[in-house]
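These are my notebook entries on one structure. I record what I looked up, in the order in which I took the topics.

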Amino acid sequence: MIDLTSTVVDILSATVVTVQDMADVAAPAAQEATSAAAAPKEEVRELGGDFWMPPAASTLAPATDFAFQVITWLSYVFFFGITIALVYLTVKFRQKGTDVNYDAGAPVHSTPLEVGWTVIPLLLVIAIFFMGFKGFLDLSTPPKDAYEINVTAAQWSWSFKYPNGATSNDLVVPAGQPVKLVMRSSDVLHSLYIPDFRVKKDVVPGRYSYLWFQADEPTGFVPEDRSARTAIGHHLFCTEYCGKDHSNMNRKVFVLDETEFKEWETTQARWLDEVPDEDLYMVAGPKLFLRCSNCHSIDGTAGTGPSWGDQTSGSLAGLGTLWERVTEGTSPIDGGTRDNGGKKLADYIGPGKLYETPEDYIRESIYNPGALLISGYGPNMPHFRGQLSDRAVDAIIGMIKNIDQFDPKGRYVGDVPN
Ligand code: HEC
Ligand SMILES: [Cu+2]
């Protein structure tokens, strides 16, 4: 049974591939245009794509696009064929005058016609089925030697973890090599979608799901310049409505050639250790803040989470910066797993209390955010245990203490470190 299925799949896919090769031959100009656009990093990169489809940037994309084209063109042929025949026959055989002869000897049955319009569509839909089935099998079978990246989806962020311990919020992958994503969710249902690669898979709480692809064309990489991020790289979306800040889960996929990727991966895993202690919060703070900036502002605007600056609205208005609110203990507390009835942070921070020092409180806010909730804010922060080292937390605390040395985008604007 299995053998028979796979034989049929092979035969049909061989046909599909042949037709596809013919289509490829017809489009060399388009391909040339794509590779010529491997422009310097600063320029907007033309990735191609057309009215119907975004650029095809993975090895899986041609098969998907081919199936899409086949079905689209079949639909055109049938739509116009049937409509034209319908209009023609309606006009030709319309009732002329009032004198109707119901028994004009018109044919009531034609076996070749009926067999034809049954068998031809049947063959077409069987072919479409196998095209889809073959594509589905390819999509759901990651190659054994694939490069594995762990993905955690959370309300409302992606976290990508690489085999050497590096982590990132945008997905960075090696070119010309199959990549397998091992995905899990830390809260609700999410779904990872990379349109240019034609891959999409649900990320379900309590279970692992896989997705794989191979992208051959490098895109280049711009990690910090937010405006250039829009021009370079492929879009990555959460395509399952997962709550109010669902749209914050829009990210980028950067494809790097092999040496560039190795370099990126190594520095990404080690960069924090290489920052000198005395520059720690100035250099590392802004980079780490990118993981918090979806929910925390610096300029006082209330977001999903409290601002690290002097918040201008809500339950924290007028209480000063995060560091002032914490050291003075003025933030109102409402709930959380370690809430014991205290009304303000002052009831929890201090010698002999839940947290000895303000630093302890901030550290726990990062590793175990649900412990105490600030009034007006829900348990909406993902925990960063296993993702941020002690040194990273030190850098963040340093940044929070010196928040006036950072601009609203999180860039260091104090005295430039040596
Ligand atoms: C998805 C949104 C989200 C992200 C991302 C996020 N937080 Fe939060 N954060 C919250 C919310 C909501 C609260 C308030 C409720 C609570 O304490 O859990 C909060 C509270 C905090 C607090 C306590 C604030 C106070 O006023 O006492 C700190 C400190 C904090 N976050 C640090 C961080 C750091 C550091 C990062 C990045 C590494 C981060 N957060 C990323 C949503 C987020
Ligand atoms: Cu989501």
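**Entry 1: the chain as a whole**

I began with burial and noted that buried residues make up 26% of the 418 residues in the protein chain. I used this scale: a residue is buried if 20 or more other C-beta atoms lie within 10 Å of its own, exposed if 12 or fewer, and partly exposed in between, with C-beta atoms placed from the backbone. The model is predicted, and local features need pLDDT of at least 70, side-chain atom pairs count only at pLDDT 80 or more, while totals for chains, interfaces and linings use all residues. Residues are numbered from 1 along each chain as its sequence is written, and chains are lettered from A and ligands numbered from 1 in the order in which they are written.

I then looked up the secondary structure, which comes to 10 helices and 10 strands in the protein chain. Helices (H or I, at least four residues) and strands (E, at least two) are DSSP runs, numbered from the N terminus. Among contacts between residues at least 6 apart in sequence, 63% join residues at least 24 apart. For a contact I required that the C-beta atoms of two residues, placed from the backbone, lie within 7 Å.

**Entry 2: backbone geometry**

I recalled that most residues other than glycine have a negative phi, and most peptide bonds are trans. I found a cis peptide bond joining Q155 and W156, with omega about 5 degrees. W156 lies in the loop between β1 (147-154) and β2 (157-161). R198, a residue other than glycine, has a positive phi near 60 degrees. I located R198 in the loop between β6 (190-194) and β7 (199-203). R198 has 23 other C-beta atoms within 10 Å and is therefore buried.

I placed D170 in the loop between β3 (167-168) and β4 (171-174). With 17 other C-beta atoms within 10 Å, D170 is partly exposed. Leaving aside neighbours within four places in sequence, I found D170 in contact with R251, K252 and F254. D170 and N250 are 80 residues apart in sequence and 9.2 Å apart in space, C-alpha to C-alpha.

L171 is found in strand β4. I counted L171 as buried because 21 other C-beta atoms lie within 10 Å. Beyond neighbours within four places in sequence, the contacts of L171 are F160, L236, R251 and V253. The C-alpha atoms of L171 and G233 are separated by 9.5 Å, although these residues are 62 apart along the chain.

I next looked up H235, in strand β9 (residues 234-238). H235 has 15 other C-beta atoms within 10 Å and so is partly exposed. Not counting residues up to four places away in sequence, H235 touches P195, D196, N250 and K252. From H235 to V253 the separation is 18 residues in sequence and 6.2 Å in space, C-alpha to C-alpha.

D196 is in the loop between β6 and β7. D196 counts as buried, since it has 24 C-beta neighbours inside 10 Å. D196 and V253 are 57 residues apart in sequence, with 9.8 Å from C-alpha to C-alpha.

**Entry 3: helices α7 and α10**

How do the axes of α7 and α10 cross? The axes of α7 (residues 280-289) and α10 (residues 390-401) come within 8 Å and cross at roughly 100 degrees. Axes are lines fitted to C-alpha atoms, for helices over the stretch in contact, and angles run from 0 to 180 degrees between N-to-C directions. I therefore recorded α7 and α10 as roughly perpendicular to each other, the term for angles of 65 to 115 degrees.

On the α7 side I listed L280, Y281, A284, G285, L288 and F289, which meet A392, D394, A395, I396, G398 and M399 in α10. The residues of this contact divide into 9 nonpolar, 2 polar and 1 charged. Ala, Val, Leu, Ile, Met, Phe, Trp, Tyr, Cys and Pro count as nonpolar, Asp, Glu, Lys and Arg as charged, and the others, Gly among them, as polar.

In α7, I noted L280, Y281, M282, A284, G285 and F289 as buried. What covers these buried residues includes α6 (258-274) and α10.

**Entry 4: ligand 1**

I found 30 residues around ligand 1, the closest being C292, C295, G305, Y377 and M381. A residue is near a molecule if its C-beta atom, placed from the backbone, lies within 6 Å of it. The elements that give two or more residues to this shell are α8 (322-328) and α9 (358-367). The shell divides into 18 nonpolar, 10 polar and 2 charged residues. The shell draws at least three residues from each of domain 1 (147-270) and domain 2 (277-405), with bounds from an automatic or database domain assignment.

Key
Angles under 35 degrees count as roughly parallel, over 145 as roughly antiparallel, 65 to 115 as roughly perpendicular and the rest as oblique.
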